[in-house]
2 protein chains.
Amino acid sequence: MNGEVVVLRYGHRTVRDERITSHCCLVARAFGAGKIIVEGFEDEELKRTVGSVNKNWGRGVRLEFTEHWKPVLKKYKKLGYKVVHTTMYGLPLQDNIAKIRTWKKVLLVIGSQKVEKEVYEMSDMNISITLQPHSEVAALAIFLHEYFGRKELGKIFPGAKLNIMPQKSGKKIEGHKKFSDK
Amino acid sequence: MNGEVVVLRYGHRTVRDERITSHCCLVARAFGAGKIIVEGFEDEELKRTVGSVNKNWGRGVRLEFTEHWKPVLKKYKKLGYKVVHTTMYGLPLQDNIAKIRTWKKVLLVIGSQKVEKEVYEMSDMNISITLQPHSEVAALAIFLHEYFGRKELGKIFPGAKLNIMPQKSGKKIEGHKKFSDK
């Protein structure tokens, strides 16, 4: 897989966001991002979730926290990352993904409904994934899927205790003592 | 867009699922599904959310509820729909999407962690979108994106009160009296 993506989850402030942020972390991992930085409080449950998935299913995304998005954005810009912000108000993904793919280091900002104007201004590109309201979880998945050109679907995670053997029906997991069909 | 997709959201049972189910509904709409059927209690807040988005942003997905998934699955099979179930234990999407695209009517079942064995058995295809744990919101988005071959990204929603004019930075909405740059 060409390129490296760090995800910045803007505005994880309340308990209301917990499950959505958890889905964001798992999607970042499954679809090949190297790191996700969560803005907001250091969420112990989130740490446990990501830690446990990495332990069982192989080393994937790293999880970090930040008190404020802005120092992160500035730091990654200095490190040569291009900042892409997903928003329903931005330029269509399908018209701009070819250009974005030439950027080998991307900081992807995923927000919620209220994102400060400065995020728009400091981003190298604001992109829309459909012009409709939907979900940062979906936006993240579609971005990574398009950026990695589908290759992420077959990504191998090193050090996995458990590996799935794809089945027509039922479940088969390598690494379990007994295979379950349920 | 070729083909028709009805989404069946399995197991929306608790308050814990509310925001995730809400994201599923909005993703179903934004990515071109015709209908989403939620298994579980008739959630008034969900109705308001979907109703309001359809009113403001154009007619999209229809929302229905069911007490149990099985009669829905049987009904749609009789109507000629093929049943596709997304599960991390299934056959890889990338190897099977070409075949699924030949199916012009699809009932897509999206679950949570615990899905009954019978869902696997009654499905025409169990497919995995990565072999990793992640999110039904992401699985739904990627499935629709692959099924509609990216065309859903430009889908027009009839009767919209509000339309976004894509911008390099900031926000522009047609249908608002004043354009806002924030």
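This is a chat about how two chains of a predicted model meet and how parts of each chain are arranged.

Colleague: What should I know before looking at the residue numbers and chain letters?

Modeller: Residues are numbered from 1 along each chain as its sequence is written, while chains are lettered from A and ligands numbered from 1 in the order in which they are written. The model is predicted, and local features need pLDDT of at least 70, side-chain atom pairs count only at pLDDT 80 or more, and totals for chains, interfaces and linings use all residues.

Colleague: How are the two chains related?

Modeller: A rotation of 180° with 0.0 Å of shift along its axis superposes chain A on chain B, with an RMSD of 0.0 Å, and that is the relation of a two-fold axis. In chain A, the C-alpha nearest the axis belongs to A:Ala138, 2.4 Å from it. The superposition is by least squares on the C-alpha atoms of residues with pLDDT of at least 70 in both copies.

Colleague: Do they meet through what kind of surface, the same or different?

Modeller: The same surface, because 100% of the interface residues of chain A are also interface residues in chain B.

Colleague: Switching topic, what is the strand order in the sheet of chain A?

Modeller: The 6 strands of this open sheet run in the order E3-E2-E1-E5-E4-E6, with parallel pairing, and two strands pair if DSSP finds at least two bridges between them. Strands E3 (62–66) and E6 of chain A stand at the edges, each with a single partner strand, so one side of each is left without a neighbour in the sheet.

Colleague: Over how many bridges do E2(A) and E3(A) pair?

Modeller: Strand E2 (residues 35–40) of chain A pairs with E3(A) over 5 bridges in the parallel sense, and A:Lys35 stands opposite A:Arg62 in E3(A).

Methods
Two residues are in contact if their C-beta atoms, placed from the backbone, lie within 7 Å. Helices (H or I, at least four residues) and strands (E, at least two) are DSSP runs, numbered from the N terminus.
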